[in-house]
Amino acid sequence: MTSQSGMTDFANPTWMLDLRRVADREHLLLASYAMHSRDTAGRVHPEPEHDYRGPFARDRDRVLHSSAFRRLSGKMQVFTGEMGEYHRTRLTHTFEVASVARTIARVLRLNEDLTETLALLHDIGHPPYGHCGEDVLAEAMRDHGGFSHNGFALAIVTQLEQRYASFPGLNLSFEVLAGQDVRAHKAEAAIGRAPLLEVQVVDLADSIAYDAHDVDDALQMGVLEHDELQRLSLIRRASAQVMERFGHLPPSRRRQALVHALVDLQVGDLVATATERLRNCDGRTADDICSDGVRLGHSETIAAERAELEAYLFEAVYRHPRLMTVRQSASDRLEELFQGLVKNPERLPLRFRTRIAEVGVHRSVSDYLAGMTDRFCDTQHRHFTTHSGGPLTDW
């Protein structure tokens with residue numbers, strides 16, 4: 001680096017930085033309280049460093065190329081394929097969360113590679129049929145260790161994915177595994193030592209994305225109407241922004257503008273409150289921030305308005321009669337398949353029959369079913385109920 005006189009400024013250490021090196025780029029771009037790659041605790045199975053990719057960039061690519069990630073394209077978010085083609089799948093929702101989370105991380109000068117990895121990973125453990133699939137497996141596994149999609153995600157990336165000869169799973173960094181573990185134990189993470197800021201950002205981005213996009217899907221499919229949404233404070237706030245910017249719009253364009261405004265309004269509020277929260281944190285490390293219990297969130301006003309919106313969506317959308325009918329049918333198929341395989345474990349694919357000795361028959365059946373897409377589960381249920389013998393197909 002040179003001074004205004006053209007001479008090398010040896011007093012400024014940045015002249016020695018090489019932007020081809022991950023650590024040097026992060027030194028320049030990230031806040032002190034971001035999770036820097038140089039501070040990673042490593043992996044369960046040690047690996048040599050990559051020449052030009054940091055550990056979290058490698059983790060991101062491992063998640064992105066996993067078979068479990070690809071299967072998200074066949075898993076419903078809220079609505080099923082029987083109800084149209086517009087709505088989100090788990091995969092499209094995941095990409096939307098990653099986009100929102102990266103934006104927030106960039107503004108707050110956090111580690112974008114780690115943030116994106118956590119975002120791509122956050123729904124990878126969801127079973128088929130959305131939340132009703134999770135409800136079925138949670139009830140079926142109640143006396144056998146329970147089931148949660150966050151816990152199953154850890155099983156996927158540490159055991160079930162088989163992409164490398166040297167180790168089971170994806171051998172992700174400890175920070176990524178810890179971030180997913182936080183999601184599996186949210187109640188414990190809400191007090192005491194705080195999760196990494198990157199973990200918090202992904203959790204917040206997830207709720208921002210699904211609130212806005214569930215509104216979008218429900219409006220487009222006729223489950224909700226614009227006028228009835230106006231009783232909600234956050235919708236009125238976003239609608240006012242749309243009106244001020246565009247005036248009166250036709251229904252389809254008004255819906256899209258409303259969704260954009262909902263996302264932008266919530267992200268803007270979060271960035272503003274987080275910036276203020278972190279204003280005096282320069283010089284502190286990621287570990288300092290966690291130890292001090294620093295937690296990010298929305299302003300009190302927006303937090304209250306978001307809670308009102310989510311309560312309304314729960315009753316008006318997630319419990320809508322059209323959706324409940326589909327959910328019940330899907331739940332019945334999954335429950336029948338679970339109970340049938342527990343009684344007839346010889347019909348599990350070889351990999352899951354072998355797994356019984358390690359985790360027991362109920363967990364092995366649960367893992368098998370949880371990894372399925374909606375359509376694959378339908379196919380296996382049909383095969384199980386119409387053919388009296390032979391193992392089902394592995395995913």
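**Reading a predicted helical model**

Q: What makes up the largest nonpolar core of this predicted model?
A: The largest nonpolar core has 111 residues. Those with the most contacts inside it are Leu224, Leu341, Tyr368 and Leu369.

Q: How do you know what the secondary structure of the chain is?
A: Count the elements. The chain has 19 helices and zero strands.

Q: Why does the radius of gyration of the chain agree with a compact globule?
A: The chain has 395 residues, and a compact globule of that length would have a radius near 21 Å. The chain has 23 Å, which agrees. Along its principal axes, the C-alpha trace spans about 85 × 60 × 35 Å. Of the 395 residues, 51% count as buried.

Q: What share of the contacts between residues at least 6 apart in sequence joins residues at least 24 apart?
A: The share is 72%.

Q: Why is the pair of Phe147 and Phe152 called tilted?
A: Start with the distance. The ring centres are 6.0 Å apart, and the limit for a pair is 6.5 Å, so the rings pair. Now take the angle. The planes stand at 40 degrees. Stacked needs under 30 degrees and edge-to-face needs over 60, so this pair is tilted. Both Phe147 and Phe152 are buried. The structure holds five aromatic pairs.

Q: What makes Phe352 and Tyr368 a tilted pair?
A: The centres lie 5.2 Å apart and the planes are at 50 degrees. Phe352 is in helix α17 and Tyr368 in helix α18, 16 residues apart, and the pair links distant parts of the chain. Both residues are buried. Ring pairs link Phe352, Tyr368 and Trp395 into a cluster.

Q: How do you know where Arg351 lies relative to Trp395?
A: Arg351 is 4.9 Å from the ring centre and lies over the face of Trp395. The distance cut-off is 6 Å, so 4.9 Å passes; the position must also be within 35 degrees of the ring normal. Arg62 lies over the face of Tyr164 too, at 5.1 Å from the ring centre.

Q: Why is Arg109 called partly exposed?
A: Its relative accessible area is 36%. Buried means under 20% and exposed means over 50%, so Arg109 falls in between. Arg109 is found in the loop between α4 and α5. Its phi is near 60 degrees, a positive value in a residue other than glycine.

Q: Why is Tyr129 called buried?
A: Its relative accessible area is 4%. The cut-off is under 20%, so Tyr129 is buried. Tyr129 lies in the loop between α5 and α6. Phi of Tyr129 is near 70 degrees, also positive in a residue other than glycine.

Q: Which residues of helix α8 are buried, and what covers them?
A: The buried residues are Glu175, Val176, Leu177, Gly179, Gln180 and Arg183. Their cover includes α2, α5, α7, α9 and α10.

Notes. Residues numbered from 1 in each chain as written. Predicted model: local features only at pLDDT ≥ 70, side-chain atom pairs only at ≥ 80, totals over all residues. Heavy atoms only, no water. Buried < 20%, exposed > 50% of the residue type's maximum accessible area, 1.4 Å probe, protein only. Helix = DSSP H or I, 4+ residues; strand = E, 2+ residues; numbered from the N terminus. Contact = heavy atoms within 4.5 Å. Rg over C-alpha atoms; globule rule 2.2 N^0.38 Å. Core = buried A, V, L, I, M, F, W, Y, C linked by side-chain atoms within 4.5 Å.
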